[in-house]
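Subject: Structure handover

Hello,

Here is the structure I promised to pass on. Please open it alongside this note; my findings follow below.

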Amino acid sequence: MNTYTLQQINAVINGVIEGNTTNTINSPEQLELAQANQITFIGNKKYEKLWQDSKASVAVVNDDIAIAPGDNRAFIKVKNADLAMSQVLELFAPAPPVFEEDIHPSAIIHATAVIGNGVKIGAGTYIGANTTIQDNAVIYPNVTILDDCKIGNNTVIWSGTVIRERCTIGSHTILHPNCTIGADGFGFRQCPQQGLAKVPQIGNVVIGNRVEIGSGSCVDRGKFSSTIIGDGCKIDNLVQIGHNSVMGRFCIMAGNSGLAGSVTLGDGVVIGGSASIKDHVTIGSGATVGAGSGVTCDVAPGKTVLGYPAVEGRLALKQWAILKKMATS
């Protein structure tokens, strides 16, 4: 177990220390549960009142905090406590699972696949023909990567993930357990002879660098050309990305949200949990879609929309207030 002094932790996050403690810190914990040898954080002034009853010795706090730390306790004041706490968590992060062999004997790797230096491949993994795995990628047990794929350097792919043929994954990307990348898009047309005729999906998926995709999420291949996930996007668990959708850089999609086919997101778009976006809609850079909303038309850059069907945020709040008043009158 790693332990750190107050000063050693501050050397990492470069804050301003207020108070002092003789206790060493062996782990982080949330404010209400923390004990004397743990560090916590206060990211909002409304949680100041919880500090008095907390047993934590140290808290990382925003620099606008109005309370004092108290006896044998200390604050590390920073501009953004949430961001600084992410650095603290890295100090205490457990080591990842151990690979006793870089490439497990039970992994099946096609003779034409190209495996870079320092790559680790777990038991039961399949690597298809003409696939390239670049340096220092980590592929945990029971992953399937089919033919003609390219996996960037330092990318981590967790167990149960399936990457279908011709897909490209960038560098320093993380795919959490049971992702599906490159499944067929949902393409069917009514047909007198067949009832519903399947439309072939012959495109692929292109995922950028430093992307993170949560467990159970699906990114469908394009009907033609590519479904694209831009650099730095962060996608939660159980998210659906429809065929030929294009996400710009640094977009966020929370759990159970989804894009229908051919949706375009600009840079920095935030999609709340369980929100759904209609096909062929464009959402401009910096826009926010509230949780549970249904977007049926384009959203201008920087706008916030709420509700179903989604409308401009302030208008939605007015509508809800009127409905509440009508219901109680």
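Two strands count as paired if DSSP finds at least two bridges between them. One caution before the findings: this is a predicted model.

Ten strands make an open sheet, the 10 strands running in the order 6-9-12-15-18-23-26-29-32-35. Their pairing is parallel. Strand 6 (108-109) and strand 35 (294-295) stand at the edges. Each has a single partner strand, so one side of each is left without a neighbour in the sheet. T144 has V162 of strand 15 as its bridge partner.

There is also a hairpin. Three residues join strand 19 to strand 20 in it. Strand 19 covers residues 188-191 and strand 20 covers residues 195-198; they pair in the antiparallel sense over four bridges. F188 has its bridge partner, K198, in strand 20.

Next, the aromatic rings. The count comes to five aromatic pairs. One of them is Y4 with F92, which is edge-to-face, at 5.2 Å centre to centre and 85 degrees between the planes. Y4 lies in the segment before helix 1 (6-13), and F92 lies in helix 2 (residues 81-92), so the pair ties together parts that are 88 residues apart in sequence. Y4 is buried at a relative accessible area of 19%. F92 is buried too, at 15%.

W51 and F75 form a tilted pair, with ring centres 5.0 Å apart and planes at 55 degrees. W51 sits in the loop between strand 3 (38-42) and strand 4 (58-62), while F75 is in strand 5 (residues 74-78), so this pair ties together parts that are 24 residues apart in sequence. W51 counts as buried at 2% relative accessibility. F75 is buried, with a relative accessible area of 0%.

Elsewhere, ring pairs link F99, Y140 and W158 into a cluster.

Last, the largest pocket. It holds about 300 Å³ of space. Its lining has 19 residues, and F186, H243, A260, G261 and D279 lie nearest its centre. What is the make-up of the lining, by nonpolar, polar and charged residues? Five are nonpolar, 10 are polar and four are charged.

Best regards

Terms used: Residues numbered from 1 in each chain as written. Predicted model: local features only at pLDDT ≥ 70, side-chain atom pairs only at ≥ 80, totals over all residues. Heavy atoms only, no water. Helix = DSSP H or I, 4+ residues; strand = E, 2+ residues; numbered from the N terminus. 1 Å grid on protein atoms, 1.4 Å probe; cavity = no way out; pocket = protein on both sides within 12 Å on 5 of 7 lines; lining within 4 Å. Points joined across faces, edges and corners; volume = space filled by probe spheres on them. Nonpolar A, V, L, I, M, F, W, Y, C, P; charged D, E, K, R; others polar. Phe/Tyr/Trp six-rings, centres within 6.5 Å; stacked < 30°, edge-to-face > 60°. Buried < 20%, exposed > 50% of the residue type's maximum accessible area, 1.4 Å probe, protein only.
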